Amino acid sequence: MTGKDVVVGDDGTPRCAWAGAAGTALARYHDEVWGRRTHNQSAMFEALTLGVFEVGLSWSIVFGKREAFQRAFRGFDVVKVAAMRKRDVDRLAQDASIIRNRAKIQATVDNARAMTSASPSLVALARSYEVTRTRAPRSIAALPASTPTAGAFAKQLKAQGYRFVGPTSVYAFMQNVGVVNDHVRGCFRASDYLGAAPQHAPRRR
C-alpha cells in the first residue's frame, strides 16, 4: 500500500514515503535516527557533517556514503577529527568512497574543533532551539528547506567558528537530531500519530 507522502511497508508500518521499503538501511535510519531527539555528541556531529556535505547535493547521494563518512571521520569521534591535520585532509580529498570536496572536508575538521571549545555547546544550543508541536506536517511538500529559527541557529554557529552552516544545512541538522520532528502526518514517527509521538521503531518479526 502506498500513498503520496506515506508508505505502508510489508511490516505493516506507515512511514514517510522517502524512507522506501521496510528493512532497508534508509528505512532503519528513518525509524531509529531521523527526527529522534539526541544529545549524543558523536550523533550530533554526524548529523552536522551530513548536512554540510548535503549542501548542493541530494540527501540520497549523501546517505549512500554514510558508512564511508563514518570510516573517514573516525566514527565521528569529535576529539579525533579535531586532531586531524592537513595530510589527513589531503588523503580524504583523494578518497573516492566519500564526496571529495576539500572545502567540506576541511569544514568538518574545523567544525569538530569548534565543538570541542565553543560555549554554549552544540548540545546546549540545540536544546535552546528545540521546536515543540503536536501537529505533524501535512505532507512532504510542506516541509521547508529552512526556517527563521534555523537562520538564527546558523548565525550563532557561524559566530562560534562553525563552517558550511547556512540555514538550509542547519535545518537538515535540526531534522536529523530531532530538534524538529518533520515526520509527516500518518507516519508512525509523526508527532500526532494516534495522538502521541512513538519513540521506538516497530518490533521486527
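## The largest pocket

Two helices, α2 (41-54) and α10 (167-176), each give at least two residues to the lining of the largest pocket; helices here are DSSP runs (H or I, at least four residues), numbered from the N terminus. The biggest share of that lining, six residues, belongs to α10. This is a predicted model, where local features need pLDDT of at least 70, side-chain atom pairs count only at pLDDT 80 or more, and totals for chains, interfaces and linings use all residues. Residues are numbered from 1 along each chain as its sequence is written, and side-chain values use heavy atoms, with hydrogens and water left out.

How is empty space found? Rolling a probe the size of a water molecule over the atoms shows where it is left. A pocket is an open set of points on a 1 Å grid over the protein atoms alone, where a 1.4 Å probe fits, with protein on both sides within 12 Å along at least five of seven lines; lining residues have an atom within 4 Å of a point. The largest pocket has a volume of about 420 Å³, meaning the space filled by probe spheres set on the points, which are joined across faces, edges and corners. Of its 18 lining residues, W34, E54, W59, A172 and Q175 lie nearest the centre. The lining has twelve nonpolar, five polar and one charged residues (Ala, Val, Leu, Ile, Met, Phe, Trp, Tyr, Cys and Pro are nonpolar, Asp, Glu, Lys and Arg charged, the others, Gly among them, polar).

## Two helix pairs

At what angle do α2 and α7 (residues 102-117) pack? The angle is about 150 degrees, with the axes 10 Å apart (axes are lines fitted to C-alpha atoms over the stretch in contact; angles run from 0 to 180 degrees between N-to-C directions). α2 and α7 are therefore roughly antiparallel (over 145 degrees).

The axes of α9 (residues 148-159) and α10 come within 8 Å and cross at roughly 105 degrees. That makes α9 roughly perpendicular to α10 (65 to 115 degrees). The contact of α9 with α10 has nine nonpolar, two polar and no charged residues (contact means heavy atoms within 4.5 Å).

## Backbone details

Most residues other than glycine have a negative phi, and most peptide bonds are trans. S119 and P120 are joined by a cis peptide bond, with omega about 0 degrees. P120 sits in the loop between α7 and α8 (122-128).

R74, a residue other than glycine, has a positive phi near 55 degrees. R74 lies in the loop between α4 (66-72) and α5 (78-82).

Notes:
Parallel < 35°, antiparallel > 145°, perpendicular 65-115°, else oblique.
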